[in-house]
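Visitor: I would like a close look at one part of this model. Please take the aromatic rings and what surrounds them.

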Amino acid sequence: MEPVIIVLVILVVLVFIALIKTIQVIPQASAAIVERFGRYTRTLNAGLNIVVPFIDTIRNRIDLREQVVPFPPQPVITQDNLVVNIDTVIYYQVTDARAATYEVASYIQAIEQLTVTTLRNIIGGMDLERTLTSREEINAALRGVLDEATGKWGIRVNRVELKAIEPPTSIQDSMEKQMRADRDKRAAILTAEGTRQAAILTAEGEKQSQILRAEGEAKAAALRAEGEAQAVRTVFEAIHAGDPDQKLLSYQYLQMLPKIAEGDANKLWIVPSEIGDALKGLSGAMGNFGSLGGGGQGGGSSVPAQNNGPGSERREKPHID
């Protein structure tokens, strides 16, 4: 009985192993390659799959999701013979599990080497300045070449990005100095423009200020002249309204004489020619006053007026020590 029990146990174990090998569960976004006696049979998709145990074998399980693979920096020579290190990142996706398994031995390594060679061909036709400013152009050219070459491998390259482009240290120092010089130049230009604009605005302000000041002075002078003219007209009208006689005018004339001689520095003063007429009028007034007060006696004296003509007389002001 014991050999029979052992055989039964062995059969149960074999059946259990066969069931395990028969039922294959493939996760979502994955695929499996099935070979029968070493030959490709079919591709298992996501879900529950049945295979023949001990005859069908799972060759490879492939992830169908988009993959991101960064590549280490690669030295590349530009058109102007400068060595730059370029880091790249590839975004790819397996679209055909069978081709990715049988058409290329290692598609990751193949993509990396293809990226390096294509990148050297593209950068070799550009100078350093264009390389630093043409990332989009390089990405598009690199993606086009990779997508065409990897299509037969069952791989689609979605994106290619350049992480960094590092020129030599000496070139970096020169570029930094050039950039600093350009910034200093722009700063000097902006400062000069600001100073020029400030000077223009200051000159414009002074011009407007002088114009406004001149206009104000002109208006003030006009108003002052108009006021003086109005004052003269008012005085003239008042004098004519009062109908002054010769005696009053002569008296006013004599009152103005001290004002003519005001000031210690005045050594020479001018007597108007009309002073003779004024003195005649005053002499007549004094005579009339004396005749009224003295009963007709000649107590008054007359002051002869000297008039040398229509011009003015020049008389020396008496000097008092």
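Which residue lies over the face of Tyr91, and at what distance from the ring centre?

Guide: Arg159 lies over the face of Tyr91, 5.4 Å from the ring centre. The cut-offs for a charge over a ring: NZ of Lys or CZ of Arg within 6 Å of the ring centre and within 35 degrees of the ring normal.

A word on the source. This is a predicted model, where local features need pLDDT of at least 70, side-chain atom pairs count only at pLDDT 80 or more, and totals for chains, interfaces and linings use all residues. Residues are numbered from 1 along each chain as its sequence is written, and side-chain values use heavy atoms, with hydrogens and water left out.

Tyr40 also has a charge over its ring: the charged end of Arg98 sits 5.3 Å from the centre.

Now the ring pairs. Rings of Phe, Tyr and Trp (its six-membered ring) pair if their centres lie within 6.5 Å; planes under 30 degrees apart are stacked, over 60 edge-to-face, the rest tilted. By this rule there are two aromatic pairs. One joins Tyr40 and Tyr102, edge-to-face, at 5.8 Å centre to centre and 75° between the planes. Tyr40 lies in strand β3 (residues 39-44) and Tyr102 in helix α2 (residues 97-102), so this pair ties together parts 62 residues apart in sequence. Helices (H or I, at least four residues) and strands (E, at least two) are DSSP runs, numbered from the N terminus. Tyr40 is partly exposed, at 28% relative accessible area. Tyr102 is partly exposed too, at 33%. The classes: buried is under 20% relative accessible area, exposed over 50%, partly exposed in between (1.4 Å probe, protein chains only).

Tyr92 and Tyr107 form an edge-to-face pair, with 6.0 Å between centres and 70° between planes. Tyr92 is in strand β7 (residues 83-94) and Tyr107 in helix α3 (residues 107-123), 15 residues apart. Both are buried.

Tyr92 also belongs to the largest nonpolar core, which has 34 residues. Such a core is a set of buried Ala, Val, Leu, Ile, Met, Phe, Trp, Tyr and Cys residues joined through side-chain atoms within 4.5 Å. Ile86, Ile90, Tyr92 and Leu119 have the most contacts inside it. Helix α3 gives this core its largest share, seven residues.

Arg159 is the residue over the face of Tyr91.
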